[in-house]
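Hi there,

Here is the structure I promised to pass on. Have a look at it first, and my notes follow below.

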Amino acid sequence: MSETWLYPTVLLCIYGFFSNLRPSEPFLTAFLIGPDKNLTEREVVNEIYPLWTYSYLVLLFPVFLATDYLRYKPVLILQATSYIITYVMLVKAQGVLAIQFLEFFFGVATATEIAYFSYIYSVVEPSSYQKVTGFCRSITLLGSAVGSLIGQILVSVAHVPLLTLSIVTLSSSCVAFLAPWFLPMPCKSLFFHQRKSRPQDKTAQELADKSEDYECKVPLGDNEGTKILKEKHGGPGSLVEVLKSLGADFVKCYSCRTLLAWSVWWALSTCGYFQVINYTQVLWENILPSKDFEIYNGYVETISTLLGALAAFCVGLVKVPWAVWGELALCIFSIAIAVAVYVMDTVRNIWVCYTAYVIFRATYMLLITIATFQIATNLSMKRYALVFGVNTFVALFLQTLLTLIVVDSAGLGLDIFPQFLIYGSYFAAIAVIFLIAGLYKVVTRRRAADGVKTESADTEQQTDSSSSETHIP
């Protein structure tokens, strides 16, 4: 049964590719403010786009629990259905209220993404985790890149209307909808549905224990929280028991200073990243209106996705002591991101803006890959899901605050250029935070090293004194 991972992985890759193949996505803002939907820029920016952030935040935690309780497959089918509803409405719906409902269903689809990346761990052996994770993540990036490229070619070469791109995206979602139905139903899940560990599972866990980072002493095996569920002898845990288990695991995970540092960067930067990619098309529209000029958003999205994937791949080939230099590296790269966003805002040239966006997105994907690896290295799969869920929730909570204050018409309702000035300043503040953390860590390590040297010297001196006293004639 060594190839049991192949069938579900192939189906997941088919689903991931076609659900992310969205030729309409790079041209969404142009489509909404164009003649097909005839919405104003203020309606799109201040009244419609914020609904995705709000719905994603509200749905994330209940979907996280429902995904585990229902054992992934039904939630994958819900996600596929939500994509179809979203793109049917994109083709047919008119008016602000209808498009706001569209954003809600897209929020459902993105909140249920956890099912896609968690399902595979319930049907394959731990020895195949790394392999299937690589396949599933790579295929989603490939689908996104191919979709953007197809969209640009259809617009630039075939000169098709933007409505056609939405129809192609809907067709791709319908193809993706078929795949989850044929996936095998998992017999277990991470929290609610447990089964006794088999010998090979224990061996894999023991190997994981041995690879634990010396700076992050989060136990990878059972703890007080997870024992509650295991006392059920493989039966499903109640909601209260699961919440107790999550609470115990939460405290243990975030007590680790190294994991906490990477998680803080993850949450802060993902918040800013979501804001930038959500409103970049509006910025491009203000610099180069699509109704007057030919735009190349699809090429830019394709290049930025492929470069980001390449940067993520290169992370695995470069050996860097991230435990020592992690905070300072996060500071330096956060400065690069802040500069890229600032250039997008201040240099009103579309080619410079495109280039800065590519740098911004590739740099973020590089860093998020490093953060993912650094966090996952020290966690069991159960805690992996918890930590990434919490980090995403915090990112969305911060993004909701930022959206309410800066974007929403109920708040400041700023125009797009002041918004991006704030986003650039936001990333600069992240850089300052990690500069302080990095310098503190370097100073602490140096003092600790000096203390060890002093203690060693004192020990040697005492030893020498004892030796001389012993040999007095």
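Leaving aside its neighbours within four places in sequence, which residues is Ser 304 in contact with? They are Tyr 357, Val 358, Arg 361 and Met 365, where contact means heavy atoms within 4.5 Å.

Before going further, a word on the source. This is a predicted model, in which local features need pLDDT of at least 70 and side-chain atom pairs count only at pLDDT 80 or more, while totals for chains, interfaces and linings use all residues. Residues are numbered from 1 along each chain as its sequence is written, and side-chain values use heavy atoms, with hydrogens and water left out.

Back to Ser 304, which has its place in helix H13 (residues 297–315). Helices are DSSP runs of H or I with at least four residues, strands are runs of E with at least two, and both are numbered from the N terminus. Ser 304 has a relative accessible area of 0%, so it is buried; buried means under 20%, exposed over 50% and partly exposed in between, with a 1.4 Å probe and protein chains only. Its side chain also makes a polar contact of 3.1 Å with the side chain of Arg 361. Such a contact is a pair of N or O atoms within 3.5 Å; within protein, one must be able to donate a hydrogen and the other to accept it, and residues adjacent in sequence count only if both atoms are side-chain atoms.

Of its 473 residues, 51% count as buried. Among contacts between residues at least 6 apart in sequence, 84% join residues at least 24 apart.

The whole structure holds 24 aromatic pairs, counted when ring centres of Phe, Tyr or Trp (its six-membered ring) lie within 6.5 Å; planes under 30 degrees apart are stacked, over 60 edge-to-face and the rest tilted. One of them is the tilted pair of Tyr 273 and Phe 274, with 6.3 Å centre to centre and 45° between the planes. Both Tyr 273 and Phe 274 are buried. In another, Phe 420 and Tyr 423 are edge-to-face because their planes meet at 65°, with ring centres 5.4 Å apart. These two sit 3 residues apart in helix H17 (residues 416–470), so about one helical turn separates them. Phe 420 is buried at 0% relative accessibility, and Tyr 423 is buried at 1%.

Happy browsing!
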